[in-house]
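Visitor: I'm new to this structure, so please pick one part and walk me slowly through it.

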Amino acid sequence: MMLVRGRLMPCVCLAVLGLLCWVWVSFASLADEQLPMEAWEAANHAVFQPQSALSEMEFASISSYRGPGNNDHRSNKELPILLWWSGGLFPHFPGDTERIDCARSSCLVTSNRKVQMYKRTASIIFYGTDFRAYEAPLPRLKHQTWALFHEESPMNNYFLSHGPGIRLFNYTATFRRESDYPLTLQWLPSLDYLLRPTSVSLEEKNRLRREGLAPVLYMQSHCDVPSNRDRYVQELMKHIEVDSYGKCLNNKAMPGHLEDTSTATGENPNFMNFVARYKFHLALENGLCPDYMTEKLWRPLHQGCVPIYRGSALVADWMPTQHSVIIIDDFPSPKALADFIKYLDENDEEYEKYLQFKNPKTIANTRLLEALETREWGVNDMSKPNYLNGFECYVCDQENMRLASEKAHKKARMVDPLPPKMANNSHMGCPLPQPGYGDVQDLPEDDGWLQIWPQDYWQSLDQAEGLESLIRHNESDPSLLWKHIQNIAVSRSRGHH
Ligand SMILES: *[C@@H]1O[C@H](CO)[C@@H](O)[C@H](O)[C@H]1NC(C)=O
Ligand SMILES: *[C@@H]1O[C@H](CO)[C@@H](O)[C@H](O)[C@H]1NC(C)=O
Ligand SMILES: *[C@@H]1O[C@H](CO)[C@@H](O)[C@H](O)[C@H]1NC(C)=O
């Protein structure tokens with residue numbers, strides 16, 4: 001997924017097209033007048049000096065773009081600060097601080113952790129994959145919200161799949177539709193991408209079949225994953241012919257000129273032509289979670305191959321038609337699935353029903369159409385903001401609303417402040433990894449998957465409870481996490497929980 005991020009980021013660099021990227025402007029020194037803690041004030045006073053005279057001039061000369069509804073004319077000094085805790089993802093360049101002028105209001109964003117304790121620092125933005133309980137910014141200040149950006153696989157951090165973990169965040173951008181800033185269709189560039197005509201005709205596919213090409217393609221080089229997909233595919237391969245390239249369950253060599261692309265997630269044309277020849281593509285995500293769908297699903301649909309899918313249990317909700325993907329878990333066994341694939345392989349008319357969605361008139365899925373229509377961020381689309389900038393603006397507008405409501409409440413007690421807002425399991429909530437095939441009780445104790453993923457899942461629950469405890473006790477040293485985890489375990493074993 002680094003790839004997509006890599007491709008989206010250049011948008012940020014297009015300061016010349018300031019219009020497109022919502023951002024930029026000079027930065028002022030951010031002496032934090034309102035800060036009650038004088039000691040902090042002294043220590044922090046010098047933090048926001050421009051790095052050099054040059055960068056100061058550069059910033060001064062770049063005008064900022066204001067969203068059409070943004071009438072925020074406060075100076076930089078008066079704006080709330082959003083701190084990107086995962087500095088590597090800070091979606092601005094160059095420098096570590098920017099003013100952002102969003103749809104409704106403005107903020108300063110920074111990746112400079114020195115502002116952590118500032119009163120003006122309203123929110124801290126975390127990247128899920130990098131989030132570590134033992135490095136969390138503590139003590140957690142009452143006035144600061146936490147925002148989570150996590151578009152990647154659930155396997156990257158199961159901490160976020162547990163109630164006590166996700167509830168620490170106030171705002172989320174995840175692949176789940178229930179998240180505050182959903183990224184569900186992040187791997188689907190556009191409707192046109194789906195509608196593109198089938199790359200290889202059925203006649204040609206049938207000819208290739210007669211020449212010995214298997215009906216089904218599997219191409220995976222990331223083998224030890226929580227969805228344990230290889231265990232299922234291995235079972236399936238007992239009942240139907242599968243050409244398996246890549247490192248996992250390999251039974252075929254890639255042609256020499258394609259070797260470099262065997263793990264490609266991009267659109268290398270040689271690679272695309274090579275895989276498009278198969279009637280069916282095994283498309284199993286590395287982690288299972290509602291609404292977690294990647295290019296593994298969209299690419300075969302794009303090419304006019306039929307995905308045999310396991311990943312989001314709700315995948316049907318987003319499909320162009322109710323007959324465009326074969327869902328593994330609809331079948332009682334790998335054998336039953338294999339029989340069905342064979343049936344489609346031998347019945348052109350039935351096979352082609354899966355490709356009817358290529359005719360735009362057949363797409364009646366309003367959830368899909370509306371989500372593509374209304375999302376404000378683009379995929380490989382320079383004319384739209386990327387979702388990192390989109391999410392920080394979402395947080396910025398939320399925080400300004402919250403601050404305004406608190407101010408109004410202070411002025412006139414009659415006005416209620418906005419109620420607290422926090423995430424819950426519907427914003428991530430991925431289930432305990434299960435074996436890809438069979439029951440967990442039947443696995444040998446030394447099974448590689450068994451030794452990694454269920455443990456990883458439960459250890460991350462310990463960490464979520466540990467961090468919750470650190471915050472509840474107003475600890476300032478995150479390395480006390482292990483002690484808190486131990487205390488929780490001890491008190492639980494004594495029956496206090
Ligand atoms: C943010 O979340 C925390 C932890 O769940 C909660 O205690 C706090 O009230 C929330 N803050 C706001 C402003 O909603
Ligand atoms: C969980 O969050 C969702 C979406 O933000 C919200 O609609 C729902 O009411 C929440 N559920 C609970 C139990 O708080
Ligand atoms: C939490 O800790 C911080 C610094 O360690 C301190 O300034 C603050 O007063 C504490 N808050 C509470 C509620 O005890």
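Visitor: Let's zoom in on one proline and what lies around it: between which two strands is the loop where Pro94 is found?

Guide: Pro94 sits in the loop that links strand E1 (81-84) to strand E2 (97-101). Before we go further, this is a predicted model, in which local features need pLDDT of at least 70 and side-chain atom pairs count only at pLDDT 80 or more, while totals for chains, interfaces and linings use all residues. As for labels, residues are numbered from 1 along each chain as its sequence is written, and chains are lettered from A and ligands numbered from 1 in the order in which they are written.

Strands and helices here are DSSP runs numbered from the N terminus, a helix being H or I with at least four residues and a strand being E with at least two. By that count, the chain has 16 helices and 11 strands.

Back to our proline. The peptide bond that runs from Phe93 to Pro94 is cis, and its omega is near -10 degrees. There's another cis bond to look at, from Leu138 to Pro139, with omega near -5 degrees. Pro139 is in the loop between strand E4 (121-127) and strand E5 (145-150).

Those strands bring us to the sheet itself. It's an open sheet of 6 strands, in the order E2-E3-E1-E4-E5-E6, with mixed pairing. E2 and strand E6 (171-174) are at its edges with a single partner strand each, so one side of each has no neighbour in the sheet. From one strand to the next, the twist averages 20 degrees. Two strands are said to pair if DSSP finds at least two bridges between them. In general, strands of a sheet pair through backbone hydrogen bonds, either parallel or antiparallel. E1 and E4 do it the parallel way, over 4 bridges.

Now look for helix H14 (387-411). H14 lies across E1, E2, strand E3 (106-110), E4, E5 and E6, and runs at about 150 degrees to E4. Such an angle goes from 0 to 180 degrees between N-to-C directions, with axes fitted as lines to C-alpha atoms, for helices over the stretch in contact. Contact means that the C-beta atoms of two residues, placed from the backbone, lie within 7 Å. Among the chain's contacts with a separation of 6 or more, 69% are between residues 24 or more positions apart.

Follow the chain on and you reach Lys421, in the loop between H14 and H15. With 12 C-beta neighbours inside 10 Å, Lys421 counts as exposed. The rule is that a residue is buried if 20 or more other C-beta atoms, placed from the backbone, lie within 10 Å of its own, exposed if 12 or fewer, and partly exposed in between. Across the chain's 497 residues, buried ones make up 40%.

Lys421 is one of the residues surrounding ligand 1, along with Thr145, Arg167, Leu168, Asn170, Arg402, Pro420 and Met422. To count as near the ligand, a residue needs its C-beta atom, placed from the backbone, within 6 Å of it. This shell divides into 3 nonpolar, 2 polar and 3 charged residues.

Asn228 isn't a glycine, but its phi is positive, at about 55 degrees. Asn228 is in the loop between strand E7 (216-219) and helix H8 (229-236), and it's buried, with 26 other C-beta atoms within 10 Å. Asn474 also has a positive phi of about 55 degrees without being a glycine. You'll find Asn474 in the loop between helix H15 (448-472) and helix H16 (481-493). This asparagine is exposed, with 11 other C-beta atoms within 10 Å.

Methods
Nonpolar A, V, L, I, M, F, W, Y, C, P; charged D, E, K, R; others polar.
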